[in-house]
Amino acid sequence: MSKDGINKNTIDITENSSKPLILVAEDDVIARTITTKVLKNLGYQVIAAENGQQAVDICYAEHPQIILMDGAMPEVDGFDACQKIKQASNKSISNIPIIIITALESDEAIDKAFAAGAEDYIPKPVNWHILEHRLDILIKKLQAEKSLRQSEKRYGNIFENSLTEIFVFDAASYKFIKINHGACKNIGYTATELSELSFLNITPKLTLVQFEKLVKPLSSGTEEIIQFETTYQRKNGSTYAVEVHLQLTKFLLKPAFVAIILDISARKKAEEKLQLSAKVFSETNEGITITDAKGIIIDVNPAFCKITGYNRAEVIGQTSRILSSGKQSPEFYTKMWRAINKQGYWRGEVWNRTKNGSLYAELLSISPITDEYGDILHYVGIFSDITHLKHQQKTLEQMAHYDVLTQLPNRILLADRFTLALAHSQRQNTLLAVCFLDLDHFKPINDTYGHETGDQLLIDVAERIKANIRTEDTVSRQGGDEFILLLGSLDSLAQCEKLLQRIIASLAQPYIIDEHVISISASVGITLYPMDNADADTLMRHADQAMYQAKLAGRNRFYLFNTEQDQQSIKKNIQLKEIQQALSNNEFCLYFQPKVNMQTGKVFGAEALIRWKHPEKGLLLPVKFLPIIAETELEIHLGTWVINEALQQLTYWQEQGILLEVSVNISAYHLQYPTFITDLETALALYPTIQSDCFQLEILESSALGDLKLINRIIKTCTQTLGVNIALDDFGTGYSSLTHIRNLQAQTIKIDQTFVRGMLVDPNDYVIIDAIIGLADSFNRKVIAEGVESTEQGLMLLMIGCTEAQGYGIAQGMPAQDFQNWLINYVPNQQWLTYAKKNWTANDKKKKLFRLAMGQWQQHFENKILSSLDSPEQWPILTRNHCHCGIWIKRARQEQIFTDTWRLELEKAHNLMHDIADELYNKYRKTEINQAREGLNEFQLAVRNMDSILEQCE
């Protein structure tokens, strides 16, 4: 444990991942390991915790984006840990979404999870597809929140630098969420202090009941914006009159009020002292108009002139219609005067026009001035220019429904239009094309030219798409370089294809940005509704899948979704059911391939190989059915069946006095299955007479490429606790062979047959085998070669230190009853035994190796010369420095095996052999086949000459 209490060994972070960081809190090591592996396979970064308290500590240290929390854990359980995290004062901690995963399925457990603050609840055993789907939904939500935060940042300067007070507060609790600089400066609180207060805390004269009555039109949707006056109280206790413009919207995906505040203290005083103070009249920032009882203007203040552009002389004697914009209907003015006459005042928004013709918005208040008898003497109109407020309001609306960069509809607006488009398609009986468009190789644009250029390119792409679609169509940016197109009212697929061809061709034209000529293309996936009769989310997913097919097909094209993948899935399900039925019907059997010690001739073991006795297709090899069941429950069932059958056969043979080691192959998925150790222990217990060290598990080296620590723990348990042997199969084909042989406690290394098959013709394969044998010897591991097909291969293996082998050169796999007959009649390879009995000097071994390689090379070359031109027979290595003999001679020179005289003679003979071989090769290639074959005698003489010199070398 580290000093901060976090076990660093449980933390495993995958670098350079594009997906979020997930914390897995699980006390069960196997469940934790499997969950971690599944998430990594899905591309996520993963941190693991062993208990609830450790999960809390990791949250503060690593700040994961998502937490998967086991409910039942010792000490601090998942529910308590969830509650601790949600109660954290640090918002970046308390806002982390948490999914509770537990075997408790009661309603009480579910209520407890959500009461603790969990975002979701998934029962055990976990359905990985459901978990992946839930995570995908949660990530999309996080991305949406991130997009909104980015939008907020983009418009942050407008918000923060505005002198107008702007408050954003929660629509449920009324607590402040966001406050601009102007508001903080005026009210005297810091943003942090205000975040602990609600709107009602700074409005002492406004009660909760009064406020809820005021906002009821917003909550009910009857009004989009309301205005009212109240009093604000500063931090120092002083108060000031304000006019509040309040709108209900969504902020960070939650309902929130946006309050734009006008400090109307000055205006209030002006209204109160209008008849007494000409100074207030002339210096106020609000425009003031005074008319007679008939509406004729008799005076205006300087602010009026500043806002409207008219000087005082131009408006005196005119009516207010001189400012009319035409945007308000006659009915609007009728209602306004009715309110003035009935209520004694009117307040509202009016769009007017300045002298130069530009529109401006004003917040106008009209009050009549009466004499002592109540007769109207004048009308006073006081107004503020709120054009900038209207622009800010429009900006907020834009942020809520449109992509900030391209001004295209965002996900929220797209969802609304998707619903309308589907309804229209159903009503009009037309096709709706849902298209997923992704730019090809967009990332290098950002990397090469910078993000500003990349942003401008996205803007230009959006404009080109809009220019090529119809007015009734919709294009939406989904983020990054992804766009969704809804093309409705289509009569045929051909009509859709024509539209998309035009769009793709347009997007492929060069872009000129900051004097850079940039070329880019687009890949588009399409699905057609109602041909693809699915809901909106599924249609988008199908279009996305089709887009990836377009990329795989070469990009710069479109691809129509079809149900082939679904059909393949159905086909696979049928195959799985067929294999399951075959297992139930006892159609599988085991074949056994012998393993021998070439040095002694003894048969010491056999590898169990599964076969399917198909009632219609005959005997099927594993390649025909094992890939179908890969990483399914059926793979576990079939693997367990193989283990039990092999143990049963081993027991029978031991009872017959046949003492052999039997090995079975175990897949990586089966090996890491949670119940593997328990199942193996149970199987061994069923056959108590077996010595467990006579049973061997063969693990593909590639199995260890995943979680090396987990694999090693499993291997140690198998060997040290259960007593079975472990072999690393196909060794040398993985990427970390040295790491595996050093860290994994496997007793035996199996050399992959591809190297054995090529060792006589390819020096590289020989070198690899030689290195593997050296590694096995250095780490005290046994080594066995598989795929031995000839006596020569066996001899070469014996010469370099490998004594154990299996392969067709010994025997093929066979049923158990045939294996016993073969064992009775088995005759060891006499050449192997003869070689093993002789005491070879180092030089003698090297000469023997040279002769084997040369003989193989000669035979290979002659076979090719004697074959027809269309024969698949391959040429041996013709480059004299790279063939087996050439490399052998080079080593002899480096190691000074022979005297210089003999070595030079040997090199001369080797070059002569290759000169003749090259001449015959060239004739063969020129179709002078008969002449090439006639030259074989001279070639054979050259080979015998080289062999003779080798024999005499000292």
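Predicted model: local features only at pLDDT ≥ 70, side-chain atom pairs only at ≥ 80, totals over all residues.
Okay, let's start with two strands: E1, residues 21–25, runs parallel to E3, residues 66–70, and four bridges join them.

Now zoom out a bit. Which order do the strands take in the sheet? Reading across, you get E2-E1-E3-E4-E5, five strands in an open sheet with parallel pairing. And why is one side of E2 and of E5 left without a neighbour? Strand E2 (45–49) and strand E5 (120–123) are at the edges and each has a single partner strand, so one side of each has no neighbour in the sheet. From one strand to the next, the twist averages 20°.

Helices pack on this sheet too. Helix H2, residues 52–62, touches E1, E2 and E3, and its direction makes about 140° with that of E2. Then there's helix H5, residues 107–115, which touches strand E4 (98–102) and E5; here the angle with the direction of E5 is about 145°.

In soluble globular proteins, nonpolar side chains tend to be buried together. In this model, the largest nonpolar core has 87 residues, and the ones with the most contacts inside it are Phe588, Leu680, Phe695 and Leu697. Helix H23, residues 633–655, gives the most to this core: nine residues.

Let's pick on leucine 697. Leaving out residues up to four places away in sequence, the residues it touches include Val664, Phe676, Leu680 and Ile726.

Last one: a second, separate core has 34 residues, among them Leu439, Ala462, Leu487 and Leu500.

Note on methods:
Residues numbered from 1 in each chain as written. Heavy atoms only, no water. Pairing = 2+ DSSP bridges. Axes fitted to C-alpha atoms, helices over the stretch in contact; angles between N-to-C directions. Contact = heavy atoms within 4.5 Å. Core = buried A, V, L, I, M, F, W, Y, C linked by side-chain atoms within 4.5 Å. Buried < 20%, exposed > 50% of the residue type's maximum accessible area, 1.4 Å probe, protein only.
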